[in-house]
Amino acid sequence: MTRIIALTNQKGGVGKTTTAVNLAASLASLKRRVLLIDLDPQGHATMGSGIDKHDLPEGSMLDVLLGDRAARDVMLRSESAGYALLPANGDLTAAEVDLLEREGRERCLDRAVGDMVADFDVVLIDCPPSLNMLTVNALTASHGVLIPLQCEFYALEGLSALLDTVEQIRESVNPTLALDGIVRTMYDSRNSLTRDVSNQLANYFGDQLIRAAIPRNVRVAEAPSHGLPVTRYARMSRGSHAYRVLAKELIRRLAL
Ligand code: ADP
Ligand code: MG
């Protein structure tokens, strides 16, 4: 069974893309067949996978969403990281507007990827930093939501809006959408605020708080400028280790 997981948080800079890329690479190195869908016009997941977002001759997620090209034809392989990629760039901004005018507008992604997802064990969707129509499409097409979250004072504030959106999607188009977990990113256990927020998360979410936390690690931040996941760029780093531990935990929890 394929599991489709949306990495979502309407806050920018919380580690969605970093987690999408490194989780994709870690799951691939654990012999899972992985597809990463870049659904953010910033195209950072594309760049971080070693693909030039300005040079996509086979097209991008815009073409896929609008039904102009088949997902299979647009799909690339990130040779450096061992997973398949549906790339995106700034053109995707047009889709946000275009989708709004379509019939069944929240199902465009679901329809466009169709049965192709059956070729994969895991599909990860890197969402834009807003609860817009692209994110709604991701949540509609997914089995579960993974929420990367930085343990800081304002982290919890945005969370209720996100959980409300998830609930609305359940009530309207995707009743079985699950919360696959909350992942703490850029985690610094020496910081007391980090620990406080982390404790609040554990109290509120219980088992839905993923045990593996991703530490703040300079190698993680450097890796994208080399177009590599940290698991390839700095295999022995703390960041690389943490993403492998996260991948193993998700494999166990979700039977991937
Ligand atoms: P988002 O996709 O949620 O906007 P990103 O994944 O792009 O967030 O991360 C935001 C910034 O934080 C990037 O510059 C990234 O390199 C950096 N970053 C993410 N995770 C870590 C980490 N574990 N350690 C250090 N820097 C990180
Ligand atoms: Mg991002």
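Select Tyr 154, which is partly exposed, with a relative accessible area of 49%; buried means under 20% relative accessible area, exposed over 50% and partly exposed in between, with a 1.4 Å probe and protein chains only. The model is a predicted one, in which local features need pLDDT of at least 70 and side-chain atom pairs count only at pLDDT 80 or more, while totals for chains, interfaces and linings use all residues. Residues are numbered from 1 along each chain as its sequence is written, chains are lettered from A and ligands numbered from 1 in the order in which they are written, and side-chain values use heavy atoms, without hydrogens and water.

Phe 153 and Tyr 154 form an edge-to-face aromatic pair, with 5.1 Å centre to centre and 70° between the planes. Rings of Phe, Tyr and Trp (its six-membered ring) pair if their centres lie within 6.5 Å; planes under 30 degrees apart count as stacked, over 60 as edge-to-face and the rest as tilted.

How many aromatic pairs does a search of the whole structure find? The search finds 2. For the other stop of this kind, select Tyr 204 and Phe 205, an edge-to-face pair at 4.8 Å centre to centre, with 80° between the planes. Tyr 204 is exposed, with a relative accessible area of 65%, whereas Phe 205 is buried at 9%.

Next, select Arg 184 and Tyr 187. Arg 184 lies over the face of Tyr 187, 5.2 Å from the ring centre; a charge sits over a ring if NZ of Lys or CZ of Arg is within 6 Å of the ring centre and within 35 degrees of the ring normal.

Turn now to the backbone. Most residues other than glycine have a negative phi. Select Met 186, where phi is positive, near 45°. Met 186 is in the loop between β7 (178–185) and α9 (192–205); helices (H or I, at least four residues) and strands (E, at least two) are DSSP runs, numbered from the N terminus. Met 186 is partly exposed, with a relative accessible area of 25%.

Then select Lys 31, which has a positive phi of about 70°. Lys 31 is in the loop between α1 (16–29) and β2 (34–38) and is exposed, with a relative accessible area of 71%.
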